[in-house]
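Please read them with the sequence and the model open beside you.

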Amino acid sequence: MAGTENVFLRAKHRTFHGLGEDIEDGWTGPFYFIQAADPQLGLMKAWRQGDSKSGGDEWAEEVELTKQTVEAMNQLRPRPRFMVLCGDLVHAMPETTFRDAQERDLKTALEGTDPSIPLVFVSGNHDLGNTPTPTTVEQYCRTWGDDYFSFWVGGVLFLVLNSQLFYDASACPQFKEAQEKWLEELLSKVASSSAPKHIIVFQHIPLYIKNPDEEDNYFNLQMEVRQKLMDQFKRAGVKAVFSGHYHRNAGGCHDGLDMVVSSAIGCQLGEDPHGVRVVVVTADRVVHQYHSLERLQTGGMDEDLKKLLQA
């Protein structure tokens with residue numbers, strides 16, 4: 001698949017150097033990437049019918065929106081360094097009726113991605129199941145690549161995390177322990193070496209929706225887990241956490257840690273348009289803006305963001 005096989009190969013290792021052939025652990029100047037979430041093939045019709053717990057027996061709308069995303073991204077100049085899809089790639093849960101067909105059609109919709117734009121995949125609850133098992137995690141990894149890993153681009157360290165292991169790992173506690181050990185060791189190693197310009201995290205479930213002190217609910221991580229991760233990220237100097245899951249734009253900033261919640265390519269649960277987030281990384285800032293697919297396709301990325309790339 002154009003634009004995907006390279007990142008699949010490198011995602012077979014928990015830590016790899018970059019999305020290209022060269023090591024990119026040194027700052028090379030401003031760049032940008034596309035953050036997207038929740039194409040979730042099959043949800044739109046199911047949601048309209050009030051049956052979101054089903055696997056969704058139709059997903060032509062989501063396929064067209066994904067193709068529109070690819071077309072809009074391919075037109076951008078300069079091109080993004082990569083696009084990350086922050087989970088819920090399809091709606092059908094593991095081992096249910098429409099799962100294989102939805103995954104196949106999503107891969108087909110992404111085939112048009114320009115080969116210069118690697119695709120990075122993040123696991124969501126619909127990709128692993130609300131309570132993941134060793135089997136569902138292994139199935140995901142065979143299809144989309146590792147469920148957690150790190151990579152470097154332009155002197156910035158990116159971490160992809162499996163947030164479902166933070167939410168409910170009761171059926172695979174050994175996987176939760178392995179991810180937490182890996183994360184602690186990686187952040188400790190970064191702290192004791194020459195620091196990256198920034199550290200950015202991708203996960204499906206947000207730490208919080210609007211406020212770090214909000215009550216636990218379906219769309220955020222539990223308070224105890226949330227606080228532990230926030231403390232760990234702040235100690236390590238993580239700049240931002242990007243997520244999806246909420247199907248609306250939300251988030252906040254707390255003690256210098258930006259929590260960015262992006263709405264969906266697919267089904268909208270609020271008033272936001274179908275869209276993606278353009279994220280510009282400069283030497284001292286991570287600046288982002290949500291763009292509707294229509295705006296991105298007809299007008300390109302925001303001019304103020306373009307100017308940051310030229311600084």
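1. N211 is found in the loop that runs between β7 (198-202) and α9 (223-236), where helices (H or I, at least four residues) and strands (E, at least two) are DSSP runs, numbered from the N terminus. With a relative accessible area of 38%, N211 is partly exposed; buried means under 20% relative accessible area, exposed over 50%, and partly exposed in between, with a 1.4 Å probe and protein chains only. N211 and W27 are 184 residues apart in sequence and, from C-alpha to C-alpha, 32 Å apart in space.

2. On the basis of these notes: this is a predicted model, in which local features need pLDDT of at least 70 and side-chain atom pairs count only at pLDDT 80 or more, while totals for chains, interfaces and linings use all residues. Residues are numbered from 1 along each chain as its sequence is written, and side-chain values use heavy atoms, with hydrogens and water left out.

3. As to the overall fold, the secondary structure of the protein chain comes to eleven helices and twelve strands. The radius of gyration of the chain is 18 Å, close to the 19 Å that the globule rule gives for 311 residues, so the chain is as compact as a globular protein of that length; the radius is taken over C-alpha atoms, and the rule is 2.2 Å times the number of residues to the power 0.38. Taken along the principal axes, the C-alpha atoms fill a box of roughly 50 × 45 × 35 Å, and buried residues make up 57% of the 311 residues.

4. On the interior: in soluble globular proteins, nonpolar side chains tend to be buried together. Here the largest nonpolar core has 41 residues, and those with the most contacts inside it are Y32, I34, M83, L85, L110 and F121; such a core is a set of buried Ala, Val, Leu, Ile, Met, Phe, Trp, Tyr and Cys residues joined through side-chain atoms within 4.5 Å. Helix α3 (residues 60-75) supplies the largest share of this core, five residues. Apart from it lies another core, of 28 residues, among them L161, I199, L229 and M230.

5. Which residues does L85 touch, leaving aside its neighbours within four places in sequence? Its partners are A36, P39, L110, V120, F121, V122 and I265, contact meaning heavy atoms within 4.5 Å.

6. S123 sits in the loop between β4 (119-122) and α5 (125-128) and, at 1% relative accessibility, counts as buried. Leaving aside its neighbours within four places in sequence, S123 is in contact with G87, L128, Y140, D147, N162 and H204. One of these partners, Y140, is 17 residues from S123 in sequence and 7.7 Å from it in space, C-alpha to C-alpha.

7. Some backbone details deserve a check. The peptide bond from R77 to P78 is cis, with omega near -10 degrees, and P78 has its place in the loop between α3 and β3 (83-86). D38, in the loop between β2 (31-36) and α2 (43-48), has a positive phi, near 55 degrees, in a residue other than glycine, and at 0% relative accessibility D38 counts as buried. D255, in the loop between β9 (250-254) and β10 (257-261), has a phi near 50 degrees, also positive, but at 64% relative accessibility D255 counts as exposed.
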